[in-house]
Amino acid sequence: MKRLNLRTFGALALAVGLSMAGLRAEVIEQVLVKINGEILTKTDIEQLQVAALRANNPNIATADLQNDQALRKMLDEVTPRVIVNAIDEMLLVQRGKELGLKMSDEQFNGILANIRKENKLDSEEKFQAALKQEGLTIAGLRKAFEKQMLINRVQQQDVYSRISISEEESRSYYDAHKEEFLTNESVTLREIFVRAATTAPAEGPTAAKAAMDAARDKVVQVRQRVAKEDFATVAGELSDAASKANGGLIGPLSAEELNPDIQKLLSPMKVGQVTEPLDAGNGYRLLKLEARIPKKQATFEEARDQIADKVFNQRRAGEVLKYLDRLRAQAIIEWKSPSLKQAFETGVKEAEKAIAEAAKAGEAGAAPKPGTNQ
C-alpha cells in the first residue's frame with residue numbers, strides 16, 4: 001500500500017510523527033525535564049532525535065546509527081535544536097490552552113476529508129488501513145493537528161498581529177533594496193519551425209545540405225505568407241515545433257535568459273516584426289516579436305505592499321524569538337539532565353545567531369521557526 005501523504009498540510013504533517021509519543025501506554029520512564037508541570041521523558045526526546053536525524057538525512061544507514069562515534073556526532077548536531085523546539089512548542093501549546101483555543105470537530109473533519117482526498121482513500125476501509133500502515137490513530141492525528149493549530153494561532157494572535165511597520169521603515173527598506181523591485185525586460189515570441197528531412201549517414205553531406213536548403217526554401221515561402229496572413233494561424237498549420245499547438249507562442253521570457261545571439265537579434269526589432277530565416281541546426285525557424293515589456297523600476301507606492309510583506313517576513317522570526325524568550329522566562333522549567341540543559345542553552349544561542357545573521361543579510365525566513373523542527 002502506498003504511504004499516507006500528509007505533505008499537503010505542511011508543518012502539520014511533521015507534527016503528526018512527533019506527537020505520537022504522548023499516546024503510548026503509561027509506563028515508568030525517566031523524566032528529563034518538566035515545563036510548567038508537563039514532562040518530557042527520555043523516550044520523548046529519543047523519538048524526536050530520531051525524527052530529526054531522518055529529516056536531515058532520509059537515507060541514513062543503519063550502520064551509522066550503530067556506530068557510537070558517528071551517532072554521537074549526529075546527535076550533538078540535532079539535539080540542541082530538538083530540545084529547543086520541543087520546549088518552545090510545549091510553551092506555545094500551553095499558551096494556546098490558556099487563551100481557550102481548541103480545534104473544533106468541524107475543523108478536524110475537514111482535515112480528515114482533505115487527507116482522504118489527497119490520498120484517494122474513497123472508503124473507510126482504505127482510510128483505516130492507511131492509518132494502520134503508518135502506525136497512526138484518529139486520536140493521534142487530532143492531537144497532532146490541534147497542537148500545530150494552537151502553535152500557529154498563538155503566534156498569529158500574540159506576535160504577528162502586533163508587528164507594525166512604519167512609513168519610515170518601509171522607505172528605508174525600499175531605498176536599500178531597489179533592485180528587488182526592478183522588473184527585467186521580457187519578451188513574448190511566436191515561432192515557426194521547419195524541420196529538415198532526415199538523411200542517412202551513407203547519403204553523405206551533399207544530401208544533408210540539400211535537405212537543409214529545402215527547409216530554408218520552405219521557410220522563405222512561409223515568411224512571405226506571414227507578411228500577409230496571421231502568424232499564429234500559419235504556425236498552427238505548418239510548424240514542426242511543439243509550440244504549434246499554441247500558434248507558435250513562446251513566453252513571456254526574461255530577455256536576460258535568452259541566448260545572447262537571440263538577444264542581439266531581437267534588440268533592434270519592433271513588436272510585430274519577423275526575423276529572417278534562422279538556422280536551427282536541423283532546420284530553419286522564424287521568430288516573431290509578439291510583445292515586449294521594458295525594464296521598469298517600481299516606485300515606492302507601487303511596491304508598498306511587497307515592501308510590507310518583505311519587512312514583515314524579516315521581522316517575524318526575531319519577534320517570535322523575543323516572544324519565546326518571555327514565555328521561557330515566565331515558565332517553571334525543571335531540568336533533570338544537566339547535559340540536556342546545556343544542549344537547550346546551545347540551541348537558544350544558535351537560533352539567536354541564525355536570526356541575527358538573517359537580519360543582517362536581509363534574508364527573510366532564513367532562521368528556524370518554532371514548531372517546524374527545521
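Modeller: The open sheet has three strands in the order β2-β1-β9, with antiparallel pairing. Two strands count as paired if DSSP finds at least two bridges between them. The edge strands, β2 (38–41) and β9 (333–335), each pair on one side only. From one strand to the next the twist averages 20°. This is a predicted model, in which local features need pLDDT of at least 70 and side-chain atom pairs count only at pLDDT 80 or more, while totals for chains, interfaces and linings use all residues. Residues are numbered from 1 along each chain as its sequence is written, and side-chain values use heavy atoms, leaving out hydrogens and water.

Strand β1 (residues 31–35) is joined to β2 by four bridges, and the two run antiparallel. Val 31 has Thr 41 in β2 as its bridge partner. Helices (H or I, at least four residues) and strands (E, at least two) are DSSP runs, numbered from the N terminus.

Helix α2 (residues 42–56) lies across β1 and β2, at about 60° to β2. Helix α4 also packs on the sheet, touching β1, β2 and β9, and its direction makes about 155° with that of β2. Contact here means heavy atoms within 4.5 Å. Axes are lines fitted to C-alpha atoms, for helices over the stretch in contact, and angles run from 0 to 180 degrees between N-to-C directions.

Helix α4 (residues 68–98) bends by about 40° at Val 78, and Pro 80 follows within four residues. The bend is the angle between axes fitted to the seven residues ending at a residue and the seven starting there. After α4 comes Gly 100, with a positive phi near 80°.

Technical notes:
Expected span 1.5 Å × (residues − 1).
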